[in-house]
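Here is a friendly briefing for your next look at this model. Please have the sequence and the 3D view open as you read.

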Amino acid sequence: MRRRTEAQISSNAGEDADRKDPNHRRQSQAAAKGRVSYGSVLMNIGKCLLLIILIPPFLNYASLQREGQMLLPKDGVIVDVGLGQRMHLLCKGKGRPVVVLDGPTGMSSDIWLHVQESVATLTTVCTYDRMGLGFSKRLMPNETTGTEKVWGMSTTGRMVDDLHRLLHAAGIAKPFILVGSELGALNSRFYSHIHDVQVSDLVLIDPIPEDIFEEDQWNEYWYGKLLPSLQARQFSAATGLSRMLIILGVIEPIIKGENVSEEVIQRQKYLLSNPAHQSSAVEEHYFLNESAAQVRDITKFKPLSSRTTVSVITGDSFDEEMPERLNQMVAKLQKKFLEESYPSANHIHIKGADWRMIYKKPSAISQHLRRLVNQRQAKQQSE
């Protein structure tokens, strides 16, 4: 009873103070409104941040679903290669021998655009997207009871098995000319040693030496600098940021120019914004050391058939954006493995070029491939 009386007295005292001092009452009300207003601002800011975080990925995902159907090359086909996998294959031209092109690490088949169009005037030229890249979507875990189970995902052994099943399912005529650039060169070497009767000519463009990952300086660059930049690109694609940066002109396709169609440019933008493609590109870079080890082992276990000719095309540097000491390291190890594995290889040097020659200086590559095709066709006619 006493406590209730004290509370009433205190309340009455507060009301008396408000009546006696109107300014005090107005200050109390203003303070309450200020607290409500501040809380409302924070809530609105939170909602805006939530929208900024959630909307771009959803818009990007919706755009990717639409673009994935629209931007598939009109001559490209999606081939069921078994094991729940479907791969994109694009063949142009007619005739034999067929030329099969395998691109650098993390690149889609568009990288061969100029080379394919040039050589396709003579014969059939096929490009493809490795599993997970471009339009070759990895639909489920790639399980098998065959040799593929031995190789890890995104390694040369797995890629070669995928390519073998793709060419078989598509009915590509054999023997064919197999051309590989960078990682594609590792894959082409592996394929040629395993399936030597299927390959008449092997062309290596800026091949990666299999011993390069035994060098600490290379590993520091590859895993300490290059890979993190690719992981950042993957994150940017997953959050929808890449699409915004493309719209703003901050990110641009690498293949461009007067001879590049708008469709190819839009397809590159689509892949830059595609987290699945970027994720597979990261995986190929991450497991490149394992791919190199697989190629080293297979070349020792099964030498290349003497029936297969070998050509090597290199530029002044492996990658002009790398430090010079690393380019010198690659050149030294390239020379070593070529002397050991392919001593009779035909070596072609292109001035002012690096691995980007396949889209920056495609005429030099096309010229050599056309010469190989002419030689094989002449031999077929004589037989």
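**A covered strand and a helix pair**

Strand S7 (residues 309-314) is mostly covered, with five of its six residues buried (under 20% relative accessible area, using a 1.4 Å probe and protein chains only). Helices (H or I, at least four residues) and strands (E, at least two) are DSSP runs, numbered from the N terminus. This is a predicted model, where local features need pLDDT of at least 70 and side-chain atom pairs count only at pLDDT 80 or more, while totals for chains, interfaces and linings use all residues. Residues are numbered from 1 along each chain as its sequence is written, and side-chain values use heavy atoms, leaving out hydrogens and water.

**Strand partners of S7**

- Strand S6 (residues 199-205) runs parallel to S7, joined by five bridges (strands pair if DSSP finds at least two bridges between them).
- Ile 205 has Ile 313 in S7 as its bridge partner.
- Strand S8 (residues 346-349) also pairs with S7 in the parallel sense, over four bridges.
- Here Thr 314 stands opposite His 349 in S8.

**Helices H5 and H10**

- Helix H5 (residues 183-194) packs against helix H10 (residues 288-301) at an angle of about 30°, with the axes 10 Å apart (axes are lines fitted to C-alpha atoms over the stretch in contact, and angles run from 0 to 180 degrees between N-to-C directions).
- That angle makes H5 roughly parallel to H10 (under 35 degrees).
- In the contact (heavy atoms within 4.5 Å), the H5 residues include Leu 186 and Phe 190, and those of H10 include Val 295 and Ile 298.

Note on methods: Parallel < 35°, antiparallel > 145°, perpendicular 65-115°, else oblique. Buried < 20%, exposed > 50% of the residue type's maximum accessible area, 1.4 Å probe, protein only.
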